Amino acid sequence: MYPGGRPPDADRGEAFRDDPHRPPHPSRRRPLEPPGGSRDRRGGRTARGGPGRPAAGAASPRAPAARAELARAAHHRPRHGRPHRRRGGRDPAPGDRCGGRPRGPRPAGTGRLRADLDALPLEEATGLPFASRTQGVCHACGHDVHTAGVLGAGLALKAVEDELVRRRIGVRLLFQPAEETIPGGAHAVMEHGGLDGVDRLLAVHCDPSIDVGTVGLRVGPITAASDSVHVALTGRGGHTSRPHLTQDLTYALGKVVTEVPAVLSRRLDPRDGATLVWGMVRSGSAPNIIPTRAECTGTLRILDAEAWHSTGPLIEEIVRSVVAPYGVGAEVTYVKGVPPVDNDNDAVVALSRAAMTLLGPHAVVPTKQSMGGEDLGWYLTQVPGAMARLGTRTPGGQTHELHQGDLVVDERAVVVAAQVLAGSVLTSVGTDGLV
Ligand SMILES: [Zn+2]
Ligand SMILES: [Zn+2]
(Lines give C-alpha, C1' and ligand atoms only; values in the text may rest on other atoms or scores of the structure.)
(Ligands and ions follow the chains in the order given, each with its own letter.)
Protein backbone atom coordinates (compact mmCIF):
# COMPACT_ATOMS: atom_id res chain seq x y z
CA MET A 1 0.00 0.00 0.00
CA TYR A 2 0.95 3.59 -0.40
CA PRO A 3 1.30 5.60 2.77
CA GLY A 4 -0.71 8.52 1.49
CA GLY A 5 1.36 9.11 -1.59
CA ARG A 6 1.32 8.36 -5.27
CA PRO A 7 1.64 4.71 -6.12
CA PRO A 8 4.68 3.74 -8.15
CA ASP A 9 4.19 1.35 -10.98
CA ALA A 10 4.97 -2.04 -9.46
CA ASP A 11 7.17 -3.69 -12.03
CA ARG A 12 8.16 -0.90 -14.36
CA GLY A 13 9.49 1.49 -11.78
CA GLU A 14 7.27 4.24 -13.11
CA ALA A 15 5.05 6.63 -11.22
CA PHE A 16 2.03 8.23 -12.74
CA ARG A 17 2.21 11.95 -12.99
CA ASP A 18 -0.13 13.88 -10.77
CA ASP A 19 0.41 17.55 -10.06
CA PRO A 20 1.03 17.89 -6.32
CA HIS A 21 0.40 21.64 -6.45
CA ARG A 22 -3.00 21.40 -8.03
CA PRO A 23 -5.65 22.53 -5.54
CA PRO A 24 -8.10 19.84 -4.62
CA HIS A 25 -11.23 19.96 -6.70
CA PRO A 26 -14.37 20.76 -4.71
CA SER A 27 -15.80 17.36 -5.51
CA ARG A 28 -12.79 15.70 -3.84
CA ARG A 29 -14.04 17.07 -0.54
CA ARG A 30 -17.58 15.88 -1.11
CA PRO A 31 -17.77 12.15 -1.53
CA LEU A 32 -20.70 10.71 -3.39
CA GLU A 33 -22.55 8.39 -1.09
CA PRO A 34 -22.19 6.40 2.09
CA PRO A 35 -21.03 2.85 1.66
CA GLY A 36 -22.28 0.20 3.99
CA GLY A 37 -25.59 -1.35 4.83
CA SER A 38 -25.41 -4.14 2.28
CA ARG A 39 -24.62 -7.77 2.87
CA ASP A 40 -21.71 -9.70 1.57
CA ARG A 41 -22.38 -12.69 -0.63
CA ARG A 42 -22.16 -15.10 2.22
CA GLY A 43 -25.12 -13.35 3.78
CA GLY A 44 -23.24 -11.57 6.56
CA ARG A 45 -24.05 -8.03 7.39
CA THR A 46 -21.24 -5.73 6.32
CA ALA A 47 -20.00 -3.10 8.66
CA ARG A 48 -21.69 0.23 8.20
CA GLY A 49 -19.21 2.65 6.80
CA GLY A 50 -17.97 0.14 4.28
CA PRO A 51 -14.42 -0.81 3.51
CA GLY A 52 -13.05 2.71 3.66
CA ARG A 53 -13.80 5.73 5.70
CA PRO A 54 -17.39 6.90 5.60
CA ALA A 55 -18.48 9.05 2.70
CA ALA A 56 -21.24 11.59 2.77
CA GLY A 57 -23.60 13.06 0.24
CA ALA A 58 -25.70 10.08 -0.72
CA ALA A 59 -28.10 10.22 -3.60
CA SER A 60 -30.31 8.02 -1.43
CA PRO A 61 -29.77 6.34 1.91
CA ARG A 62 -30.85 3.08 0.26
CA ALA A 63 -28.33 3.50 -2.55
CA PRO A 64 -25.70 0.93 -1.46
CA ALA A 65 -28.32 -1.76 -0.85
CA ALA A 66 -29.89 -0.96 -4.19
CA ARG A 67 -26.53 -1.45 -5.93
CA ALA A 68 -26.07 -4.81 -4.24
CA GLU A 69 -29.57 -5.82 -5.34
CA LEU A 70 -28.70 -4.90 -8.92
CA ALA A 71 -25.64 -7.12 -8.75
CA ARG A 72 -27.68 -9.98 -7.29
CA ALA A 73 -30.28 -9.64 -10.03
CA ALA A 74 -27.59 -9.78 -12.68
CA HIS A 75 -25.93 -12.71 -10.94
CA HIS A 76 -29.22 -14.63 -10.74
CA ARG A 77 -29.91 -14.31 -14.47
CA PRO A 78 -26.59 -14.64 -16.29
CA ARG A 79 -26.19 -14.70 -20.02
CA HIS A 80 -23.23 -15.89 -21.98
CA GLY A 81 -22.01 -14.18 -25.13
CA ARG A 82 -24.24 -11.86 -27.11
CA PRO A 83 -27.77 -11.01 -26.00
CA HIS A 84 -30.77 -12.52 -27.67
CA ARG A 85 -34.06 -10.71 -27.73
CA ARG A 86 -36.93 -12.36 -25.93
CA ARG A 87 -40.02 -13.34 -27.81
CA GLY A 88 -42.61 -10.62 -27.73
CA GLY A 89 -40.39 -7.62 -27.46
CA ARG A 90 -37.57 -5.84 -25.91
CA ASP A 91 -35.69 -7.00 -22.85
CA PRO A 92 -36.02 -4.57 -19.98
CA ALA A 93 -32.64 -3.21 -19.00
CA PRO A 94 -31.88 -2.73 -15.31
CA GLY A 95 -30.79 0.83 -16.02
CA ASP A 96 -33.91 1.95 -17.82
CA ARG A 97 -35.17 4.08 -15.02
CA CYS A 98 -31.98 6.02 -14.57
CA GLY A 99 -31.60 7.08 -18.17
CA GLY A 100 -31.62 10.74 -19.09
CA ARG A 101 -31.04 12.90 -22.08
CA PRO A 102 -28.06 15.24 -21.91
CA ARG A 103 -29.03 18.81 -21.24
CA GLY A 104 -27.21 22.07 -20.90
CA PRO A 105 -24.27 23.40 -22.91
CA ARG A 106 -21.88 21.25 -24.86
CA PRO A 107 -19.69 19.30 -22.39
CA ALA A 108 -16.10 20.37 -21.84
CA GLY A 109 -15.25 16.72 -21.54
CA THR A 110 -17.15 13.47 -21.80
CA GLY A 111 -16.25 10.40 -19.84
CA ARG A 112 -17.58 6.97 -20.58
CA LEU A 113 -17.97 4.29 -17.92
CA ARG A 114 -17.89 0.81 -19.33
CA ALA A 115 -19.26 -2.43 -17.91
CA ASP A 116 -19.22 -5.86 -19.47
CA LEU A 117 -22.40 -7.87 -19.10
CA ASP A 118 -21.71 -11.45 -20.03
CA ALA A 119 -21.30 -14.57 -17.94
CA LEU A 120 -19.31 -17.75 -18.58
CA PRO A 121 -20.34 -21.24 -19.72
CA LEU A 122 -19.67 -22.69 -16.28
CA GLU A 123 -21.76 -24.32 -13.57
CA GLU A 124 -22.05 -22.19 -10.46
CA ALA A 125 -20.88 -23.88 -7.25
CA THR A 126 -21.30 -21.12 -4.67
CA GLY A 127 -24.54 -22.26 -3.07
CA LEU A 128 -25.64 -18.64 -2.80
CA PRO A 129 -29.37 -17.99 -2.46
CA PHE A 130 -29.21 -15.87 -5.60
CA ALA A 131 -26.98 -18.27 -7.54
CA SER A 132 -27.43 -18.57 -11.27
CA ARG A 133 -30.74 -20.05 -12.29
CA THR A 134 -29.37 -20.82 -15.75
CA GLN A 135 -27.85 -24.27 -15.89
CA GLY A 136 -24.25 -24.26 -17.07
CA VAL A 137 -23.92 -20.47 -17.09
CA CYS A 138 -22.73 -18.25 -14.26
CA HIS A 139 -21.00 -15.00 -13.47
CA ALA A 140 -17.54 -16.31 -12.64
CA CYS A 141 -15.64 -13.24 -13.84
CA GLY A 142 -17.52 -10.65 -11.81
CA HIS A 143 -19.18 -8.90 -14.73
CA ASP A 144 -22.39 -8.71 -12.69
CA VAL A 145 -20.45 -6.58 -10.22
CA HIS A 146 -19.17 -4.36 -13.02
CA THR A 147 -22.69 -3.89 -14.36
CA ALA A 148 -24.12 -2.94 -10.99
CA GLY A 149 -21.12 -0.70 -10.26
CA VAL A 150 -21.50 1.30 -13.45
CA LEU A 151 -25.25 1.54 -12.92
CA GLY A 152 -24.58 2.75 -9.40
CA ALA A 153 -22.14 5.34 -10.69
CA GLY A 154 -24.75 6.51 -13.18
CA LEU A 155 -27.38 6.85 -10.46
CA ALA A 156 -24.98 8.79 -8.23
CA LEU A 157 -24.04 11.12 -11.09
CA LYS A 158 -27.68 11.57 -12.04
CA ALA A 159 -28.30 12.76 -8.50
CA VAL A 160 -25.79 15.57 -9.02
CA GLU A 161 -26.89 16.32 -12.56
CA ASP A 162 -27.14 20.06 -11.95
CA GLU A 163 -23.50 20.15 -10.96
CA LEU A 164 -22.54 18.14 -14.04
CA VAL A 165 -24.39 20.57 -16.28
CA ARG A 166 -22.90 23.57 -14.54
CA ARG A 167 -19.39 22.16 -14.88
CA ARG A 168 -20.09 20.94 -18.43
CA ILE A 169 -19.23 17.35 -17.62
CA GLY A 170 -20.65 14.78 -19.98
CA VAL A 171 -21.07 11.15 -18.93
CA ARG A 172 -22.17 8.09 -20.82
CA LEU A 173 -22.60 4.57 -19.57
CA LEU A 174 -21.61 1.69 -21.80
CA PHE A 175 -22.93 -1.82 -21.18
CA GLN A 176 -21.21 -4.25 -23.47
CA PRO A 177 -22.05 -7.90 -24.09
CA ALA A 178 -19.71 -10.65 -25.21
CA GLU A 179 -16.49 -9.64 -23.49
CA GLU A 180 -15.55 -13.27 -22.96
CA THR A 181 -15.79 -14.26 -26.62
CA ILE A 182 -13.42 -13.86 -29.53
CA PRO A 183 -14.11 -11.60 -31.33
CA GLY A 184 -15.51 -9.63 -28.42
CA GLY A 185 -18.38 -7.19 -28.25
CA ALA A 186 -16.12 -4.14 -28.29
CA HIS A 187 -15.94 -4.25 -32.08
CA ALA A 188 -19.69 -3.90 -32.47
CA VAL A 189 -19.75 -1.03 -29.98
CA MET A 190 -17.08 0.85 -31.91
CA GLU A 191 -18.70 0.12 -35.28
CA HIS A 192 -21.93 1.66 -33.99
CA GLY A 193 -20.22 4.85 -32.85
CA GLY A 194 -19.98 3.94 -29.22
CA LEU A 195 -16.81 5.96 -28.76
CA ASP A 196 -17.89 9.03 -30.72
CA GLY A 197 -17.31 12.18 -28.71
CA VAL A 198 -15.77 10.31 -25.79
CA ASP A 199 -12.69 11.85 -24.23
CA ARG A 200 -11.90 9.23 -21.62
CA LEU A 201 -13.00 5.69 -20.91
CA LEU A 202 -12.95 4.20 -17.43
CA ALA A 203 -13.71 0.72 -16.16
CA VAL A 204 -13.07 -1.66 -13.29
CA HIS A 205 -12.51 -5.39 -13.19
CA CYS A 206 -12.93 -7.63 -10.18
CA ASP A 207 -9.72 -8.85 -8.59
CA PRO A 208 -10.25 -11.51 -5.92
CA SER A 209 -6.60 -11.36 -4.88
CA ILE A 210 -6.92 -7.93 -3.25
CA ASP A 211 -9.16 -6.76 -0.44
CA VAL A 212 -12.46 -5.03 -0.95
CA GLY A 213 -12.03 -1.30 -0.46
CA THR A 214 -8.85 -1.22 -2.48
CA VAL A 215 -8.20 -0.76 -6.18
CA GLY A 216 -5.11 -1.89 -8.07
CA LEU A 217 -3.68 0.61 -10.52
CA ARG A 218 -0.75 0.91 -12.86
CA VAL A 219 0.21 3.09 -15.79
CA GLY A 220 0.79 1.30 -19.07
CA PRO A 221 -0.36 -2.21 -19.97
CA ILE A 222 -2.35 -3.87 -17.20
CA THR A 223 -3.49 -6.94 -19.17
CA ALA A 224 -1.97 -8.96 -22.02
CA ALA A 225 -2.88 -9.53 -25.63
CA SER A 226 -4.85 -12.72 -25.96
CA ASP A 227 -5.56 -14.68 -29.14
CA SER A 228 -7.08 -18.08 -29.85
CA VAL A 229 -5.24 -20.85 -31.65
CA HIS A 230 -6.90 -23.95 -33.06
CA VAL A 231 -4.97 -26.74 -34.78
CA ALA A 232 -6.74 -29.54 -36.66
CA LEU A 233 -4.72 -32.49 -37.97
CA THR A 234 -6.03 -34.93 -40.55
CA GLY A 235 -4.52 -38.11 -41.98
CA ARG A 236 -4.83 -41.82 -42.53
CA GLY A 237 -6.03 -43.78 -39.51
CA GLY A 238 -5.88 -47.47 -38.80
CA HIS A 239 -5.02 -50.20 -36.31
CA THR A 240 -2.66 -49.29 -33.48
CA SER A 241 -0.69 -52.49 -34.20
CA ARG A 242 0.41 -51.01 -37.56
CA PRO A 243 1.22 -47.32 -36.99
CA HIS A 244 3.67 -47.39 -39.90
CA LEU A 245 0.70 -47.81 -42.25
CA THR A 246 -1.04 -44.75 -40.82
CA GLN A 247 -0.13 -41.15 -40.10
CA ASP A 248 -0.66 -41.59 -36.35
CA LEU A 249 -2.38 -38.29 -35.65
CA THR A 250 -2.37 -38.79 -31.89
CA TYR A 251 1.42 -38.95 -31.87
CA ALA A 252 1.68 -35.95 -34.19
CA LEU A 253 -0.76 -33.99 -32.03
CA GLY A 254 1.39 -34.74 -28.99
CA LYS A 255 4.30 -33.14 -30.80
CA VAL A 256 2.21 -30.06 -31.61
CA VAL A 257 1.11 -29.71 -27.99
CA THR A 258 4.65 -29.83 -26.62
CA GLU A 259 6.84 -28.53 -29.44
CA VAL A 260 4.92 -25.48 -30.66
CA PRO A 261 5.13 -23.64 -27.31
CA ALA A 262 8.80 -24.68 -27.03
CA VAL A 263 9.75 -23.39 -30.47
CA LEU A 264 7.78 -20.21 -29.87
CA SER A 265 9.83 -19.55 -26.75
CA ARG A 266 12.99 -19.63 -28.92
CA ARG A 267 11.64 -17.57 -31.77
CA LEU A 268 10.30 -14.67 -29.68
CA ASP A 269 12.16 -12.34 -27.36
CA PRO A 270 11.55 -13.62 -23.82
CA ARG A 271 10.82 -10.03 -22.84
CA ASP A 272 7.74 -10.11 -25.07
CA GLY A 273 6.19 -12.42 -22.51
CA ALA A 274 4.52 -14.82 -24.95
CA THR A 275 2.92 -17.99 -23.65
CA LEU A 276 0.86 -20.56 -25.52
CA VAL A 277 -1.29 -22.79 -23.32
CA TRP A 278 -3.64 -25.46 -24.62
CA GLY A 279 -7.06 -25.67 -23.01
CA MET A 280 -8.43 -28.56 -25.05
CA VAL A 281 -6.70 -31.52 -26.71
CA ARG A 282 -8.78 -34.18 -28.43
CA SER A 283 -7.84 -37.27 -30.42
CA GLY A 284 -9.24 -40.75 -30.86
CA SER A 285 -12.05 -42.78 -29.37
CA ALA A 286 -10.59 -46.17 -28.44
CA PRO A 287 -7.25 -47.61 -27.27
CA ASN A 288 -6.68 -49.60 -30.44
CA ILE A 289 -7.79 -47.18 -33.15
CA ILE A 290 -5.59 -44.53 -34.76
CA PRO A 291 -8.02 -41.71 -35.63
CA THR A 292 -8.31 -39.69 -38.82
CA ARG A 293 -8.74 -36.36 -37.08
CA ALA A 294 -7.16 -34.76 -34.03
CA GLU A 295 -7.32 -31.24 -32.70
CA CYS A 296 -6.21 -28.88 -29.99
CA THR A 297 -7.13 -25.34 -29.09
CA GLY A 298 -5.61 -22.83 -26.73
CA THR A 299 -4.72 -19.24 -26.10
CA LEU A 300 -1.63 -17.30 -26.98
CA ARG A 301 -0.98 -14.44 -24.59
CA ILE A 302 1.62 -11.75 -25.12
CA LEU A 303 2.59 -8.89 -22.85
CA ASP A 304 4.17 -6.75 -25.57
CA ALA A 305 1.79 -5.09 -28.04
CA GLU A 306 4.45 -4.76 -30.76
CA ALA A 307 5.30 -8.46 -30.69
CA TRP A 308 1.59 -9.28 -30.74
CA HIS A 309 1.19 -7.74 -34.19
CA SER A 310 3.74 -10.08 -35.78
CA THR A 311 3.00 -13.41 -34.09
CA GLY A 312 0.07 -14.78 -36.08
CA PRO A 313 1.96 -16.04 -39.16
CA LEU A 314 4.68 -17.44 -36.91
CA ILE A 315 2.29 -19.87 -35.21
CA GLU A 316 1.25 -21.42 -38.50
CA GLU A 317 4.84 -21.68 -39.67
CA ILE A 318 5.86 -23.52 -36.50
CA VAL A 319 2.90 -25.93 -36.57
CA ARG A 320 3.64 -26.90 -40.16
CA SER A 321 7.32 -27.48 -39.45
CA VAL A 322 6.54 -29.62 -36.38
CA VAL A 323 4.09 -31.95 -38.17
CA ALA A 324 5.99 -32.12 -41.48
CA PRO A 325 7.97 -35.33 -40.60
CA TYR A 326 4.71 -37.20 -39.94
CA GLY A 327 3.09 -36.31 -43.27
CA VAL A 328 -0.20 -35.21 -41.71
CA GLY A 329 -2.42 -32.40 -42.87
CA ALA A 330 -2.59 -29.37 -40.60
CA GLU A 331 -5.10 -26.55 -40.54
CA VAL A 332 -4.30 -23.66 -38.24
CA THR A 333 -6.96 -21.16 -37.24
CA TYR A 334 -5.47 -18.19 -35.50
CA VAL A 335 -7.86 -15.46 -34.37
CA LYS A 336 -6.63 -12.15 -33.04
CA GLY A 337 -8.38 -11.59 -29.75
CA VAL A 338 -7.57 -8.45 -27.83
CA PRO A 339 -4.61 -6.12 -27.41
CA PRO A 340 -3.28 -5.28 -23.95
CA VAL A 341 -5.28 -2.76 -21.95
CA ASP A 342 -2.88 0.17 -21.97
CA ASN A 343 -3.71 2.46 -19.06
CA ASP A 344 -3.35 6.17 -19.74
CA ASN A 345 -1.44 8.18 -17.13
CA ASP A 346 -4.07 10.89 -16.64
CA ALA A 347 -6.91 8.40 -16.44
CA VAL A 348 -5.01 6.47 -13.77
CA VAL A 349 -4.54 9.73 -11.88
CA ALA A 350 -8.29 10.36 -12.02
CA LEU A 351 -9.09 6.88 -10.68
CA SER A 352 -6.42 7.15 -8.03
CA ARG A 353 -7.62 10.53 -6.79
CA ALA A 354 -11.19 9.32 -6.56
CA ALA A 355 -10.20 6.13 -4.73
CA MET A 356 -7.96 7.85 -2.22
CA THR A 357 -10.47 10.65 -1.63
CA LEU A 358 -13.50 8.44 -1.19
CA LEU A 359 -11.97 5.31 0.32
CA GLY A 360 -8.94 6.62 2.15
CA PRO A 361 -5.25 7.25 1.49
CA HIS A 362 -4.39 3.54 1.41
CA ALA A 363 -7.07 2.52 -1.04
CA VAL A 364 -4.75 2.37 -4.05
CA VAL A 365 -2.42 -0.60 -4.28
CA PRO A 366 0.11 -1.51 -6.97
CA THR A 367 -0.73 -4.19 -9.45
CA LYS A 368 1.23 -6.07 -12.09
CA GLN A 369 0.43 -6.59 -15.72
CA SER A 370 -1.58 -9.78 -15.90
CA MET A 371 -1.64 -12.42 -18.62
CA GLY A 372 -5.41 -12.08 -18.79
CA GLY A 373 -7.08 -10.62 -21.86
CA GLU A 374 -9.79 -7.96 -21.83
CA ASP A 375 -11.46 -6.40 -24.85
CA LEU A 376 -11.42 -3.01 -23.19
CA GLY A 377 -8.00 -2.95 -24.85
CA TRP A 378 -9.64 -2.29 -28.23
CA TYR A 379 -11.35 0.86 -26.94
CA LEU A 380 -8.09 2.18 -25.53
CA THR A 381 -6.47 1.99 -28.95
CA GLN A 382 -9.00 4.70 -29.93
CA VAL A 383 -9.47 6.84 -26.80
CA PRO A 384 -7.38 7.26 -23.66
CA GLY A 385 -8.62 5.58 -20.53
CA ALA A 386 -7.85 3.11 -17.82
CA MET A 387 -9.07 0.04 -16.02
CA ALA A 388 -8.72 -0.41 -12.27
CA ARG A 389 -8.59 -3.71 -10.50
CA LEU A 390 -11.45 -3.82 -8.03
CA GLY A 391 -10.69 -5.64 -4.80
CA THR A 392 -13.37 -8.24 -3.99
CA ARG A 393 -11.77 -10.29 -1.22
CA THR A 394 -13.15 -9.95 2.27
CA PRO A 395 -10.18 -8.96 4.45
CA GLY A 396 -8.89 -12.11 6.10
CA GLY A 397 -11.17 -14.22 3.96
CA GLN A 398 -10.60 -16.78 1.24
CA THR A 399 -8.82 -15.77 -1.96
CA HIS A 400 -11.00 -16.93 -4.81
CA GLU A 401 -10.08 -17.31 -8.45
CA LEU A 402 -11.77 -15.86 -11.50
CA HIS A 403 -13.32 -18.23 -14.03
CA GLN A 404 -14.13 -20.75 -11.33
CA GLY A 405 -17.66 -21.76 -10.41
CA ASP A 406 -17.11 -21.07 -6.71
CA LEU A 407 -16.17 -17.42 -7.14
CA VAL A 408 -17.68 -15.35 -4.34
CA VAL A 409 -17.13 -11.63 -4.13
CA ASP A 410 -17.60 -9.29 -1.20
CA GLU A 411 -20.62 -7.28 -2.26
CA ARG A 412 -19.22 -4.05 -0.88
CA ALA A 413 -17.14 -4.04 -4.04
CA VAL A 414 -20.23 -2.95 -5.96
CA VAL A 415 -20.45 0.27 -3.97
CA VAL A 416 -16.69 0.80 -4.24
CA ALA A 417 -16.91 0.47 -8.01
CA ALA A 418 -19.75 2.98 -8.18
CA GLN A 419 -17.90 5.41 -5.94
CA VAL A 420 -14.58 5.22 -7.74
CA LEU A 421 -16.06 5.49 -11.23
CA ALA A 422 -18.44 8.35 -10.40
CA GLY A 423 -15.77 10.12 -8.38
CA SER A 424 -13.31 9.80 -11.26
CA VAL A 425 -15.72 11.57 -13.56
CA LEU A 426 -16.26 14.40 -11.12
CA THR A 427 -12.56 14.93 -10.51
CA SER A 428 -11.35 14.62 -14.07
CA VAL A 429 -13.15 17.35 -15.98
CA GLY A 430 -12.38 21.03 -15.66
CA THR A 431 -13.82 24.04 -17.45
CA ASP A 432 -11.41 23.59 -20.34
CA GLY A 433 -11.74 19.85 -20.70
CA LEU A 434 -10.12 16.88 -19.09
CA VAL A 435 -7.71 17.46 -16.25
ZN1 LIG B 1 -13.27 -13.40 -17.72
ZN1 LIG C 1 -13.85 -10.42 -17.03
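Is Thr 311 buried or exposed, and how many other C-beta atoms lie within 10 Å? Thr 311 is buried, because 22 other C-beta atoms lie within 10 Å; a residue counts as buried with 20 or more such atoms, as exposed with 12 or fewer, and as partly exposed in between, C-beta atoms being placed from the backbone.

The model is predicted: local features need pLDDT of at least 70, side-chain atom pairs count only at pLDDT 80 or more, and totals for chains, interfaces and linings use all residues. Residues are numbered from 1 along each chain as its sequence is written, while chains are lettered from A and ligands numbered from 1 in the order in which they are written.

Thr 311 sits in the loop between helix 6 (305-309) and helix 7 (312-323); helices are DSSP runs (H or I, at least four residues) numbered from the N terminus. Beyond four places in sequence, Thr 311 contacts Ala 274, Leu 300 and Ile 302, a contact being two C-beta atoms, placed from the backbone, within 7 Å.

The largest nonpolar core has 100 residues, of which Leu 351, Ala 355, Ala 417, Val 420 and Leu 421 touch the most other members. Such a core joins buried Ala, Val, Leu, Ile, Met, Phe, Trp, Tyr and Cys residues through C-beta atoms within 7 Å.

Two helices are compared with their expected span (1.5 Å times one less than the number of residues).

| Helix | Residues | End-to-end C-alpha distance | Expected span |
|---|---|---|---|
| Helix 8 (345-359) | 15 residues | 21 Å | 21 Å |

Methods: Helix = DSSP H or I, 4+ residues; strand = E, 2+ residues; numbered from the N terminus.
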